[in-house]
Every structure is written in structure tokens, then in C-alpha cells.
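Thanks, everyone. I have one structure to show today, and I'll keep it short. Here it is.

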Amino acid sequence: MDGPVRAASDASAGPPPYFRGNESSLVSALKTLLFFTILMVTLPIGLYFASKAYIFEGSMKMSSSDSYFYAAIVAVLAVHVVLALFVYVAWNEGTPKGKGKHD
């Protein structure tokens with residue numbers, strides 16, 4: 001008879017022990033995701049309009065239709081750079097800092 005009562009009290013005790021230590025890593029992962037989400041939205045759009053106005057139409061004196069094309073290439077390249085940085089940071093996020101030292 002003690003079995004079902006004990007299982008019910010264990011369920012209300014809170015998260016399992018393996019989860020308690022991971023709260024800081026979860027917050028860190030969410031901060032990283034939020035940072036790269038904001039970067040993914042702002043950087044390509046900003047580079048698109050800045051390169052179109054200042055580089056391609058301003059400095060290089062290109063026509064409006066040509067500057068649209070080349071500014072879009074700059075924005076696509078920015079998306080790829082942000083994605084590559086996100087993958088790199090996500091890949092290295094769980095590794096210990098002193099991975100070269102063995103204690």
C-alpha cells in the first residue's frame with residue numbers, strides 16, 4: 001500500500017535531479033538563440049539597404065535595378081554568415097573551456 005502513496009509524493013517533489021543543474025545551460029541556450037534571431041533579422045536587412053544606398057548607388061554609381069541585385073547578394077551572404085556563426089557557437093556551447101588539459 002505504501003507504493004502508490006510514495007510515487008505520488010515523489011511526483012510533487014519538483015523536477016528530477018538531472019534537470020536542476022541544467023537550468024543555467026537552458027537560459028544560456030535561450031540567450032544565444034535570441035541573440036542570433038535578432039542578428040538574423042537585423043543584419044541582412046540593414047546591410048541590404050546600406051549597401052544599396054551607400055556602396056552600389058552612392059560610391060559605384062550603379063543604376064537602381066543593378067543595385068537591387070547586388071544588395072540582395074550582400075544580404076544573402078550575411079544570412080549565410082550568421083547561420084554559420086550560430087552553428088559554430090551551438091556546436092561549441094557544451095564543450096568545457098579547458099578541453100586541452102587533462103586532470
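Four helices, zero strands: that is the secondary structure of this protein. From the N terminus on, the order reads α-α-α-α. Keep in mind that this is a predicted model. The protein has 103 residues, and 12% of them count as buried.

Now the annotation. An unreviewed UniProt entry gives "transmembrane region" for residues 33-56 and for residues 68-91. What does the model show there? Residues 33-56 are 100% helix and 0% strand. The end C-alpha atoms of that span sit 32 Å apart. Residues 68-91 are also 100% helix, with 0% strand. Here the end C-alpha atoms are 35 Å apart.

Let's take helix 3. Helix 3 runs over residues 23-59, which makes 37 residues.

Which residues of helix 3 are buried? Thr32, Phe36, Pro44, Tyr48, Ser51, Lys52 and Phe56.

Buried means under 20% relative accessible area, and lysine 52 has 11%, so lysine 52 counts as buried. What does its side chain meet? Side chains of opposite charge can pair when their charged atoms come close. Here the side chain of lysine 52 meets that of glutamate 57 in a salt bridge, 2.5 Å from N to O. The structure holds one salt bridge, and this is the pair. Glutamate 57 has a relative accessible area of 27%, so glutamate 57 is partly exposed.

On to helix 4, residues 64-92. Tyrosine 70 lies in this helix. Is tyrosine 70 buried or partly exposed? Its relative accessibility is 36%, so tyrosine 70 counts as partly exposed. Tyrosine 70 also belongs to a nonpolar patch on the surface. The patch is formed by Phe69, Tyr70, Ile73 and Leu77. Together these residues have about 400 Å² of accessible area.

Key: Residues numbered from 1 in each chain as written. Predicted model: local features only at pLDDT ≥ 70, side-chain atom pairs only at ≥ 80, totals over all residues. Heavy atoms only, no water. UniProt positions renumbered as here; feature names shortened; annotations may be inferred. Helix = DSSP H or I, 4+ residues; strand = E, 2+ residues; numbered from the N terminus. Patch = residues over 30% accessible without salt bridge, like charges linked within 9 Å, V, L, I, M, F, W, Y side chains within 5 Å. Areas by Shrake-Rupley, 256 points an atom, 1.4 Å probe, with all protein chains shown as cover. Salt bridge = Lys/Arg side-chain N within 4 Å of Asp/Glu carboxyl O. Buried < 20%, exposed > 50% of the residue type's maximum accessible area, 1.4 Å probe, protein only. Expected span 1.5 Å × (residues − 1).
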